[in-house]
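Look at the sequence and the structure shown here.

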Amino acid sequence: MGRLLTAILVSAALFVCGKAVMAHHSFAMFDTENPIELEGTVQEFKFTSPHTFILLVVKKDGAEPVTWNLEGASPSALVRDGWSSKTLKPGDELQMKIDPLRSGAPGGAWGVQKTKFKDGRPIVVSH
Amino acid sequence: MRHRSTIGVFTLIAALCMTVAGARAFDESKYPNWKGQWLRVGGGQGAPWDPTKPWGPGQQPPLTPQYQAIFEANLRDQAAGGQGTDPSYRCIPVAMPRVMIAVQPMEIVVSADTTYVMLELFSMLRRIFTDGREWPKELEPSYAGYSIGKWEDSDGDGRYDTLAVETRAIKVPHSYDSSGIPFHEDGEAIIKERLYSDKANPNILHNEITSIDNALTRPWTVTRSYRRDASPRPLWSEYVCTEDNRHVRIGNENYVIAGDGLLMPVRKGQQPPDLKYFQQTQR
């Protein structure tokens, strides 16, 4: 019974570690039920506390480019997924599935599992 | 000359006595080995207080009707894009007991008189005094609170296995988790913990946490667990919340600062802040 409990706990831990974690505030401000897909170019990757940010410039047919402010997990959590401050650089082209701000402003939440280079390559190959 | 020799002998004896006394004061073999890095177990997105239940109303906190109403109003605010009653989005540290969710790793250092819990989140340091002290007559509230602990040898094998802790004087306002489950505003909450290693796996640590608070109809016990990172040299990160916090509160509203430094709304139809003082200056 003890071993079974341990196995369940460790499995749960591994499951949690694969998810983005909002450490210091509620994520209810993001509409997780209606994610949207974005393709764009990294303007800046902010590897900062309490949350990392990707500023992504998105161009859509004929419209002015829009900079999306995308909030991610803390550096501590990303490091465990193999990321560092140098993982992304300005000019990198990404495809992302994000949870947008409920206000409709160009912002949202991103996670490592739903972020790739535009050509489909994973951002981090091995964990 | 003989006098000097006598002083030397006494000095040596005194030094040896101090060494022996120090060794007696902390015999590592009598305490559990909780060295290393501990990571939370259980609870998914949102890091709910009770890891066995869903975030938000699914936690079913045993709140009084008054505080249940506060909690529900907070949930409605969050559903609209706000942050409800949870103050941590402004970098106000998550207090005890929420910090023991250990959203980010923690380290436990055991000494004879004090056990230190060093939490990466908000760089919080807990001191759990195990030197037999009484509660001070007056306590200034703090986010970590004031903790007194007692070691127990529950199976009688001559080695401590459980640390029983009581924490008082926790600064308000604070909540159990990011869903905003509130503590009473009177700041009288008492948190009792029982920390012990899993019987089958010493790399799992359990923490039975009981909250006694006037916002509750009864004491609320939740068991959280932590796993020890297998690496002998685990990764540690720095967490300085004010480094680049983009969530701000102006008046009664919260906003987000965009990458260009301008405010963005978090709710549909949210009005910008009141700029009346700027208008006065322009006149």
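A residue counts as buried under 20% relative accessible area, as exposed over 50%, and as partly exposed in between, with a 1.4 Å probe and protein chains only. This is a predicted model, in which local features need pLDDT of at least 70 and side-chain atom pairs count only at pLDDT 80 or more, while totals for chains, interfaces and linings use all residues. Residues are numbered from 1 along each chain as its sequence is written, chains are lettered from A and ligands numbered from 1 in the order in which they are written, and side-chain values use heavy atoms, without hydrogens and water.

**Strand β9 of chain B**

Helices (H or I, at least four residues) and strands (E, at least two) are DSSP runs, numbered from the N terminus. Two strands pair if DSSP finds at least two bridges between them. Strand β1 of chain B (residues 38-41) pairs with β9(B) in the antiparallel sense over 4 bridges. Strand β8 of chain B (residues 204-212) also runs antiparallel to β9(B), joined by 8 bridges. Arg227(B) in β9(B) has Leu39(B) opposite, and Ile204(B) stands opposite Arg227(B) as well.

**Aromatic rings**

A pair of aromatic rings is described by the distance of the centres and the angle of the planes. Rings of Phe, Tyr and Trp (its six-membered ring) pair if their centres lie within 6.5 Å; planes under 30 degrees apart count as stacked, over 60 as edge-to-face and the rest as tilted. Over all chains, the structure holds 15 aromatic pairs. Two of these are listed below.

| Pair | Centre to centre | Angle of planes | Class |
|---|---|---|---|
| Phe27(A) and Trp55(B) | 5.6 Å | 40 degrees | tilted |
| Trp49(B) and Tyr176(B) | 5.9 Å | 55 degrees | tilted |

Phe27(A) lies in the loop between α1 and β1 of chain A and Trp55(B) in the loop between β1 and α2 of chain B, so this pair joins two chains. Phe27(A) is buried at 14% relative accessible area, whereas Trp55(B) is partly exposed at 22%.

The pair of Trp49(B) and Tyr176(B) links distant parts of the chain, 127 residues apart. Trp49(B) is buried at 0% relative accessible area, and Tyr176(B) is buried at 0%.

Ring pairs also link Phe26(B), Tyr31(B), Trp34(B), Trp151(B) and Tyr160(B) into a cluster.
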